[in-house]
Amino acid sequence: AHKYNMSFQFGFVDASTPAFGAAAGRMNAFNMAHTLQPSTLIPLGSVTKPWTAARIMQAVEAGRLGLDDAAHEWVDPVLRRMWNSSLEALWGKNSTIVTIRDLLGMTSGFADYDDAHLEALTLRYAGDDVGPFVYLTSAARQGWLHKGYVCAPRTCAAYSGANFVLLGLVLVNLDASVEWQDMNQRDVIPTALRHRYQHTSFLRL
């Protein structure tokens, strides 16, 4: 943390070891006196990806979903119901060959969303919540030839947060009783272990 001027936090827990945590660096870049603690809650978006991936794999293990299922078959019902859209409407015909495995492995070829565009939206509409469709439409207009791709599906591996937004919509399809903002992502943890993960929470909006 000192060498690279960045804060660092680490936690570990398993079935046989008491929970352990360590931290170094500042908690607040604007206040040198506050140091990061192992129990400090940090709002981060991409750390939800392992939770989403584990829940997808639980559905695969249960036989409710196949890794080689076409992604559009699972996300289109949600996209149509909530935003009158589809994977093909966002990314074109090539998107119909993208599978659940491609979304998990970052081989869909989809571009990542445009941070500058989303930052401008956030600053301009400070009171609004930025929902998943805003991220998807931002990603779909970026990248290779401005058509939402950095490469054709399965011809490269390229990071895109849009892949996991789409996997979140797959989970919404699997659990028809909830909307995306109401899904309890802590349900991925076996009930008997949930008391050990008190420092993780998920924002609804």
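In the predicted model, Phe 202 is located in the segment that follows H7. With a relative accessible area of 22%, Phe 202 is partly exposed, since the limit for a buried residue is under 20%. Apart from its neighbours within four places in sequence, Phe 202 makes contact with Thr 48, Trp 51, Gln 185 and Arg 186, and of these residues Trp 51 is among the buried positions of helix H1. The C-alpha atom of Phe 202 is separated by 7.9 Å from that of Asn 184, a residue 18 positions away along the chain.

Asp 187 also belongs to the segment after H7 and is likewise partly exposed, at a relative accessibility of 35%. When residues up to four places away in sequence are set aside, Asp 187 touches Arg 55 and Arg 194; Arg 55, in turn, is one of the buried residues of H1. Between the C-alpha atoms of Asp 187 and Gly 66, which stand 121 residues apart along the chain, the separation is 20 Å.

The protein chain as a whole contains seven helices and four strands, and these elements follow the order β-β-β-β-α-α-α-α-α-α-α from the N terminus. Taken along the principal axes, the box filled by the C-alpha atoms is roughly 55 × 40 × 35 Å. Of the 205 residues in the protein chain, 33% are buried, and the chain exposes about 12,400 Å², of which carbon and sulfur atoms supply 57%. Among contacts with a separation of 6 or more, 66% are accounted for by residues 24 or more positions apart. The side chains include 17 positive and 18 negative ones, and the centres of these two sets lie 3 Å apart.

Helix H1, which comprises residues 49–61, has 13 residues and reaches 18 Å from its first C-alpha to its last, close to the 18 Å expected at 1.5 Å a residue. Its buried residues are Lys 49, Trp 51, Thr 52, Ala 53, Arg 55, Ile 56 and Ala 59, and the elements that cover them include helix H4 (100–105) and helix H7 (161–174). After H1 comes Gly 63, for which phi is positive and near 80°.

Helix H2 also has 13 residues, for which a span of 18 Å should be found at 1.5 Å a residue, and the separation of 17 Å between its end C-alpha atoms therefore agrees with that expectation. The buried positions of H2 are Ala 71, Trp 74, Val 75, Asp 76, Val 78 and Leu 79, and these pack against H3, H4, H6 and H7. Just after H2, a positive phi of about 50° is taken by Asn 84.

The loop between H2 and H3 holds Ser 85 as well as Ser 86. Ser 85 has a relative accessible area of 10% and is therefore buried, and Ser 86, at 12% relative accessibility, counts as buried too. Beyond its neighbours within four places in sequence, Ser 85 is in contact with Asp 76, Leu 79, Arg 80, Leu 90 and Phe 133, whereas Ser 86, with residues up to four places away not counted, touches Asp 76 and Leu 79. Both Asp 76 and Leu 79 are listed among the buried residues of H2. Ser 86 and Val 75, eleven residues apart in sequence, have C-alpha atoms 7.5 Å apart in space.

In soluble globular proteins, nonpolar side chains tend to be buried together. The largest nonpolar core of the present model has 34 residues, of which Leu 65, Trp 91, Ile 100, Phe 110, Leu 136, Leu 166 and Val 170 touch the most other members. At least two residues of this core are supplied by each of H1, helix H2 (71–83), helix H3 (87–91), H4, helix H6 (132–140) and H7, and the largest share, nine residues, comes from H7. The surroundings of Ile 100 illustrate these relations: residues up to four places away in sequence not being counted, Ile 100 touches Ile 56, Leu 65, Gly 66, Leu 67, Asp 69, Ala 71, Trp 74, Leu 167 and Val 170.

How values were computed. Residues numbered from 1 in each chain as written. Predicted model: local features only at pLDDT ≥ 70, side-chain atom pairs only at ≥ 80, totals over all residues. Heavy atoms only, no water. Expected span 1.5 Å × (residues − 1). Buried < 20%, exposed > 50% of the residue type's maximum accessible area, 1.4 Å probe, protein only. Contact = heavy atoms within 4.5 Å. Areas by Shrake-Rupley, 256 points an atom, 1.4 Å probe, with all protein chains shown as cover. Lys, Arg positive; Asp, Glu negative; His and termini not counted. Charge placed at Lys NZ, Arg CZ, Asp CG, Glu CD. Core = buried A, V, L, I, M, F, W, Y, C linked by side-chain atoms within 4.5 Å.
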